[in-house]
Amino acid sequence: MSDQTITAAYYRGDKKFSVELRTAPEPGADEVTIRIAYCGICGTDMHVYHGNMDARVGFDRVIGHEMSGTVEAIGANVGTVRPGQKVVVRPLDPCGECPACKAGHEHICHKLKFLGLDTDGAMQELWTVPAHTLHVLPDDLRMDHAALIEPVAVACHDVRLSGLQPGEDVVVIGGGPIGVLVAMVARDAGGNVLISEVNPNRLAIAEALGFDTVNPVESDLQAVVEARTGGKGADVVFEVSGTQPGVDAMTAAAATRARIVMVAIHAQKPNIDLFQFFWRELKLIGARVYEPEDYEKAIALIAEGGIDADTVITDVSPLAEIQTAFEALDRSPIAMKSLIKVGENA
Ligand SMILES: [Zn+2]
Ligand SMILES: [Zn+2]
């Protein structure tokens with residue numbers, strides 16, 4: 001592969017993207033160049049769009065990490081993939097030397113680089129990444145569905161860390177894109193799942209996906225959970241709302257010795273009812289991104305239809321229309337996951 005001219009979407013600040021031509025770099029010895037098929041718009045990408053991450057991302061950055069694609073070229077040392085294979089990227093580049101890395105927790109490296117924020121990302125036709133970030137996909141996996149693997153891997157990590165057992169009662173607080181994916185993975189693992197959400201449009205989507213729901217503005221969540229569980233409460237609670245009422249609900253809904261998983265990134269330090277942790281011997285579990293096994297689980301779940309990808313993907317736009325795609329997603333009360341179709345032949 002000699003240098004190729006490709007189309008790339010740059011974040012330029014102030015809610016603006018510019019779609020430009022650039023020269024695609026050849027892969028270094030330990031790198032792989034991927035021809036991108038689809039790239040989903042993450043909540044993090046919306047934070048970039050809103051200017052909340054300008055100091056970290058800058059104004060000359062190609063963002064995007066929820067991608068699917070095909071290996072285009074490999075570096076001299078790469079033996080794990082070959083051109084033509086369908087792949088996704090686990091967009092984490094750990095330092096390999098800090099205490100977290102040395103303990104085997106590279107996904108929470110002290111100096112973790114996130115590809116597509118700290119480096120250029122997948123909103124471009126060719127993306128060059130370290131070979132260690134790749135996972136190979138089954139040949140027959142749909143590439144639009146494969147763009148959900150990264151957020152599904154987040155959900156797989158959350159559910160795995162919860163220790164959820166079949167038959168346990170689960171409450172997911174917050175029914176946005178990650179909330180419904182957590183709910184789907186928890187249901188696939190055998191949990192009896194209730195989604196708590198205040199937005200009527202999101203409640204309707206959760207119900208269309210077959211979930212029991214509660215609107216905590218209209219009903220008392222604790223009473224609803226107690227009625228469902230014979231007064232016991234939920235064995236596992238996922239806090240995905242990132243709100244103070246959500247944090248209040250997470251302890252109110254919890255059974256004795258329940259596990260509460262903190263999935264949301266809270267903008268402010270919330271008040272937590274620590275008294276309930278003593279009284280009911282609750283456990284609070286932090287969960288951040290994913291490990292390789294969560295990616296493999298996400299790939300298997302999507303391949304076998306454990307995720308209703310067609311309901312979750314609510315919009316697909318070509319790369320040339322990335323600006324309007326972000327504007328539409330920002331405005332839409334009903335959108336869940338918007339994909340950018342990056343490749344012509346995706
Ligand atoms: Zn993401
Ligand atoms: Zn490290």
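Colleague: Before we start, what should I know about the model and its numbering?
Modeller: This is a predicted model, in which local features need pLDDT of at least 70 and side-chain atom pairs count only at pLDDT 80 or more, while totals for chains, interfaces and linings use all residues. Residues are numbered from 1 along each chain as its sequence is written, chains are lettered from A and ligands numbered from 1 in the order in which they are written, and side-chain values use heavy atoms, with hydrogens and water left out.

Colleague: Which residues are the protein donors of the zinc ion (ligand 2)?
Modeller: They are Cys95, Cys98, Cys101 and Cys109, each through SG, at 2.3 to 2.4 Å; donors here are N, O and S atoms within 2.8 Å of the metal (3.2 Å for Na, K and Ca), and water is not among the atoms, so sites may look incomplete. Along the sequence these donor residues are spaced C-x2-C-x2-C-x7-C.

Colleague: And is that site tetrahedral or irregular?
Modeller: The site of ligand 2 is tetrahedral, with angles of 102 to 119° among its four donor atoms. Four donors count as tetrahedral if all angles lie between 85 and 135 degrees; four count as square planar and six as octahedral if opposite donors are over 155 degrees apart and all others between 65 and 115; anything else is irregular.

Colleague: Is Cys109 buried or exposed?
Modeller: Cys109 counts as buried because its relative accessibility is 3%, and Cys101 counts as buried at 5%. Buried means under 20% relative accessible area, exposed over 50%, and partly exposed in between (1.4 Å probe, protein chains only).

Colleague: What coordinates the zinc ion (ligand 1)?
Modeller: Cys42 (SG), His65 (NE2), Glu66 (OE) and Glu150 (OE) do, at 2.2 to 2.6 Å, and with angles of 83 to 162° among the four donor atoms that site is irregular. Cys42 lies in the loop between β3 (31–40) and α1 (43–49) and Glu66 in strand β4 (residues 66–74), so the pair ties together parts that are 24 residues apart in sequence. Both Cys42 and Glu66 are buried.

Colleague: Changing topic, which strands does β13 join?
Modeller: Strand β13 (residues 234–239) runs parallel to β10 (residues 169–173), with four bridges, and parallel to β14 (residues 254–262), with five bridges. Two strands pair if DSSP finds at least two bridges between them, and helices (H or I, at least four residues) and strands (E, at least two) are DSSP runs, numbered from the N terminus.
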